[in-house]
Number of protein chains: 4
Amino acid sequence: MKETSLLEQLQIGTFHCAGQAFQSTMRLSSFHAQPFGFVNGGVYLAYGEALAGMASNAILAQETKPSSECGIGSESTKQRIAVGQSITANHVKPKRCEGYVVARGQLLHKGGRNHVWIINIFDEEDRLLSHMTVTNSIVNV
Amino acid sequence: MKETSLLEQLQIGTFHCAGQAFQSTMRLSSFHAQPFGFVNGGVYLAYGEALAGMASNAILAQETKPSSECGIGSESTKQRIAVGQSITANHVKPKRCEGYVVARGQLLHKGGRNHVWIINIFDEEDRLLSHMTVTNSIVNV
Amino acid sequence: MKETSLLEQLQIGTFHCAGQAFQSTMRLSSFHAQPFGFVNGGVYLAYGEALAGMASNAILAQETKPSSECGIGSESTKQRIAVGQSITANHVKPKRCEGYVVARGQLLHKGGRNHVWIINIFDEEDRLLSHMTVTNSIVNV
Amino acid sequence: MKETSLLEQLQIGTFHCAGQAFQSTMRLSSFHAQPFGFVNGGVYLAYGEALAGMASNAILAQETKPSSECGIGSESTKQRIAVGQSITANHVKPKRCEGYVVARGQLLHKGGRNHVWIINIFDEEDRLLSHMTVTNSIVNV
């Protein structure tokens, strides 16, 4: 039996990425709770780092698209991906583990070697729950 | 059916806390992997924040133990717990998602309102994988 | 001869604080330069931490104003001040050490014991130079 | 009249770098004080970021030394320097602005593109004052 991964169990619901910003929602279940019934702070960290990676990889995929129809595409063999390098988070407000949360991210810095994302996580009434800065390293694979 | 929580699924194996330091081990399974087969960085974050909370709560429980045999224990009604407030992490080295990791923590600052922990996570051969600083807020409940 | 302090030598030009936000400007001189002629990253850190402290203290001063005309003001003997506790900064873009910089801050979290500020520093053309999160501890003196 | 820079006015006294560690001392004067007579937290930030840069550049200079006497030295035309990228600091303990402080740094991660330093600043009696993590970006100039 294949165990499902942390990433799958977070059950990220929606993820929309446009330009240098993204928005996502995640429905909360008992997976996300700590023993007292609030959202586990580690959930926000794992969620935020996952979103930053998805958003950076979406940007990189966009940039490396073949730009002509000639089909030679020699550059497509070299793929760049984003790897989480550092994160700083401030948990601002506890939330009972029910309903859902909304994450909004903005690309603070887009360098050739690093992407820095600001991510805010809100509750259903748009109150800030956690604020984080995620730096991704861009590596060739 | 009760879903198991993130905290349970991390499957923290051992946790020893002595004075102002702790050590813990965690065996890796497919739960901890990202799609490319390495350990998901979010796992280290969730693990580190969980350990810091456990260690702070162990210290607080020690401090609020009834200090006399008279059994009145009036102070025991006021409980102090640690709540994760902020975290900063640097992921240093990727690890294939197999074997186990070891975490070692040290209390950097023990104030009345905050505990600051330094936590390093190592692989089986004692190579540093991730370094983090976790600040817990101490609150009365 | 009294040496002038770091805070004085930064030569913070303007500082306007309204509600939970502030704006400030600082003119650059050779004091702010590193050896290659760019702004020293430490300048942004010292500037940001100073502004966060000024802004938190402005809020605290507002809150502890005598609220009645009776003039007894017994609470005014207990003063609360903001003390820098932690800072995280990402330097985004180098700037030649000339002209001026603009800082804009927003209060991310206002608790009884902590204020968390997000501060962005921009150049004359509104390009982001450095992004930081400053947490102040609120203490009674 | 040439104004002296922040870096000069910090008056870093000693700096010894060996392998992947360094130690430094800095004597305190009124330059380093905030209005209440304690050390300005911004001083620790500027000091720590400066030391991390000095230590990374010492390592890079060591690595790019001409390795033979033949004098061709074609690589020496390409110079790599360290540029401060991000910093996280926790101020642990206030100190009256007198005497001196000691900083000790250790290289946490040495990649081709980044150096991550852990720096602790202590008072004369070896009590921790501030703990920080500085990430330098290694760039070609």
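Trainee: Which residues of strand β2 of chain C lie on its covered face, and which on its uncovered one?
Mentor: This is a predicted model. In strand β2 (residues 21-27) of chain C, the covered face holds C:F22, C:S24 and C:M26. The uncovered face holds C:A21, C:Q23, C:T25 and C:R27. In a regular strand the side chains alternate between the two faces of the sheet.

Trainee: In what sense does β1(C) pair with β2(C), and over how many bridges?
Mentor: Strand β1 (residues 12-18) of chain C pairs with β2(C) in the antiparallel sense, over 6 bridges. C:A18 has C:A21 as its bridge partner in β2(C), and C:F15 has C:S24. The hairpin of β1(C) and β2(C) has 2 residues between the strands, and C:G19 there takes a positive phi near 60°.

Trainee: How many bridges join β2(C) to β4(C)?
Mentor: There are 7 bridges between β2(C) and β4(C), and the two strands run antiparallel. C:Q23, for instance, has C:R104 in β4(C) as its bridge partner.

Trainee: What is the order of the strands in the whole sheet?
Mentor: The open sheet has 12 strands, in the order β1(C)-β2(C)-β4(C)-β5(C)-β6(C)-β3(C)-β3(D)-β6(D)-β5(D)-β4(D)-β2(D)-β1(D), with antiparallel pairing.

Trainee: Which are the edge strands?
Mentor: They are β1 of chain C and β1 (12-18) of chain D, each of which pairs on one side only. Within this sheet, neighbouring strands are turned by 20° against each other on average, direction ignored.

Trainee: What does helix α2 of chain C touch on the sheet?
Mentor: Helix α2 (residues 41-63) of chain C packs on the sheet and touches β1, β2, β3, β4, β5 (114-122) and β6 of chain C, together with β3 (80-91) of chain D. The direction of this helix makes about 145° with that of β3(C).

Trainee: And which strands does helix α2 of chain D touch?
Mentor: Helix α2 (residues 41-63) of chain D packs on the sheet by touching β3 of chain C, together with β1, β2, β3, β4 (100-110), β5 (114-122) and β6 (128-140) of chain D. The direction of α2 in chain D makes about 145° with that of β3(D).

Trainee: Staying with chain D, where is D:T25, and is D:T25 buried, exposed or partly exposed?
Mentor: D:T25 is in strand β2 (residues 21-27) of chain D. D:T25 is partly exposed, because 15 other C-beta atoms lie within 10 Å. Leaving aside residues up to four places away in sequence, D:T25 touches D:G13, D:T14, D:Y100 and D:V102. D:T25 and D:F122 are 97 residues apart in sequence, and their C-alpha atoms are 9.5 Å apart in space.

Trainee: Changing topic, what is the secondary structure of chain A?
Mentor: Chain A has 2 helices and 6 strands. From the N terminus on, the elements run α-β-β-α-β-β-β-β. Of the 141 residues in chain A, 40% are buried. Among contacts in chain A with a separation of 6 or more, 65% are between residues 24 or more positions apart.

Trainee: How many residues of chain B are in contact with chain A?
Mentor: The contact involves 27 residues of chain B and 27 residues of chain A. On the chain B side, α1 (6-10), α2 (41-63) and β3 (80-91) each supply at least two residues. β3(B) gives the most, with 8 residues. By class, the side of chain B that touches chain A has 10 nonpolar, 14 polar and 3 charged residues.

Trainee: What joins β3 of chain A to β3(B)?
Mentor: Strand β3 (residues 80-91) of chain A and β3(B) run antiparallel and are joined by 5 bridges. A:S86 stands opposite B:N90 in β3(B).

Trainee: What rotation superposes chain B on chain A?
Mentor: A rotation of 180° with 0.0 Å of shift along its axis does so, at an RMSD of 0.0 Å. The two copies are therefore related as by a two-fold rotation axis. In chain B, B:T88 has the C-alpha nearest the axis, 2.1 Å from it. Also, 100% of the interface residues of chain B are interface residues in chain A, so the copies meet through the same surface.

Trainee: How many residues does the contact of chain C with chain A take?
Mentor: That contact takes 9 residues from chain C and 9 residues from chain A. β3 (80-91), β4 (100-110) and β6 (128-140) of chain C each supply at least two residues of the side that touches chain A. β6(C) gives the most to that side, with 3 residues. The side of chain C that touches chain A has 4 nonpolar, 5 polar and no charged residues.

Technical notes. Residues numbered from 1 in each chain as written. Chains lettered and ligands numbered in written order. Predicted model: local features only at pLDDT ≥ 70, side-chain atom pairs only at ≥ 80, totals over all residues. Contact = placed C-beta atoms within 7 Å. Helix = DSSP H or I, 4+ residues; strand = E, 2+ residues; numbered from the N terminus. Nonpolar A, V, L, I, M, F, W, Y, C, P; charged D, E, K, R; others polar. Least-squares fit on C-alpha atoms with pLDDT ≥ 70 in both. Buried ≥ 20, exposed ≤ 12 C-beta atoms within 10 Å, placed from the backbone. Pairing = 2+ DSSP bridges. Axes fitted to C-alpha atoms, helices over the stretch in contact; angles between N-to-C directions.
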